[in-house]
Amino acid sequence: MVKTIGVLTSGGDAPGMNAAIRAVVRTGIYHGLKVLGIYRGYNGLIHDEIKELDASSVADILQRGGTILRTARCEEFKTEEGLKKAAEVARKHKMDGLVVIGGDGSYRGARDLSKYGINTIGLPGTIDNDIACTDYTIGFDTAVNTVLDAINKIRDTMSSHERTSIIEVMGRNAGYIALYAGLTGGAESVILPEVDYDIDEIVDKINYGIKRGKLHHIIILAEGVGRAENFAKMIKEKMPTLDIRTSVLGHIQRGGSPTAFDRLLASRMGARAVELLMQGATNRVIGIRNGVLCDVDIDEALNMKKTIDMELYNLTKILSI
């Protein structure tokens, strides 16, 4: 019988993590469980930074970005000695299960910890939306809306000065933020790590826009493709008279109050994680597909490959003529 569960956040923070923590804590308490908050991710588990959480501990955090449990990288946890120490600390607190909120790296940690007898459930918390077993990750929708707000503001000044703007967004290996923000923000060009680009095609589109009287040209660039400044130089070489500016949004994309979508997603996933632990499940990852919650084995989830939606990518080209 499950009596005590823990919850931690690991890797990069994402808006909605607090909503997930809140759901885990209050769902656990509702079912009569003791819930332990583990601070600073796996590093906190190894060093016993653990505190019992009650309903008041998670009051007024639903609307807050970041994570009240903090997050940290932990190289020690990747070693066998570190894993053993983490498992010993979990057993010391009589932890029957652990909810891990994070991305692929966090999942690998949860999988490794489960081999030491600690039941683990993973929740997809990352703005990159690069986890293949789920349509959406916690924090992605908020990040896209943050970028969209920036696009709207930058377009105002670009139109006033009749300039071209390159907006660099997060996405080292995944272009989902760039794709969704570019399409909904009306960008003329969207450059993704998953799709080869043609600089001449981009230049031709800028020239075409100028000829038909466009006042601005917005290019959304995922950071995994390259730096905005370097990209601007490439365009300048082909269009020396072009007035071009760059904007790197950086970590502003990680912060802010989560959207209703992310709050709902995180709340549903957090509650389901507790239910799965109560059923004796372990080494599972929760996802959402076609609006329905699902769970898969962590190893299966890590071996899945998520591909970019080419229909959406092609639509950005069609609608930006």
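How do the residues of the lining of the largest pocket divide into nonpolar, polar and charged?

## Largest pocket

The lining divides into 14 nonpolar, 13 polar and 14 charged residues. Here Ala, Val, Leu, Ile, Met, Phe, Trp, Tyr, Cys and Pro count as nonpolar, Asp, Glu, Lys and Arg as charged, and the others, Gly among them, as polar. This is a predicted model: local features need pLDDT of at least 70, side-chain atom pairs count only at pLDDT 80 or more, and totals for chains, interfaces and linings use all residues. Residues are numbered from 1 along each chain as its sequence is written, and side-chain values use heavy atoms, without hydrogens and water.

A pocket is an open set of points on a 1 Å grid over the protein atoms alone, where a 1.4 Å probe fits, with protein on both sides within 12 Å along at least five of seven lines; lining residues have an atom within 4 Å of a point. In total, 41 residues line the largest pocket, and Arg-73, Gly-103, Asp-104, Gly-105 and Asp-130 lie nearest its centre. Domain 1 (4–139 + 258–303) and domain 2 (141–255) both contribute to the lining, so the pocket lies between them. The domain bounds come from an automatic or database domain assignment.

## Annotated site

An unreviewed UniProt entry annotates Gly-12, Arg-73, Cys-74, Gly-103, Asp-104, Gly-105 and Ser-106 as "binding site". Such annotations may be inferred rather than shown by experiment; feature names are shortened and positions follow the numbering used here.

## Arg-73

Arg-73 touches Gly-11, Gly-12 and Asn-43, leaving aside residues up to four places away in sequence. Contact means heavy atoms within 4.5 Å.
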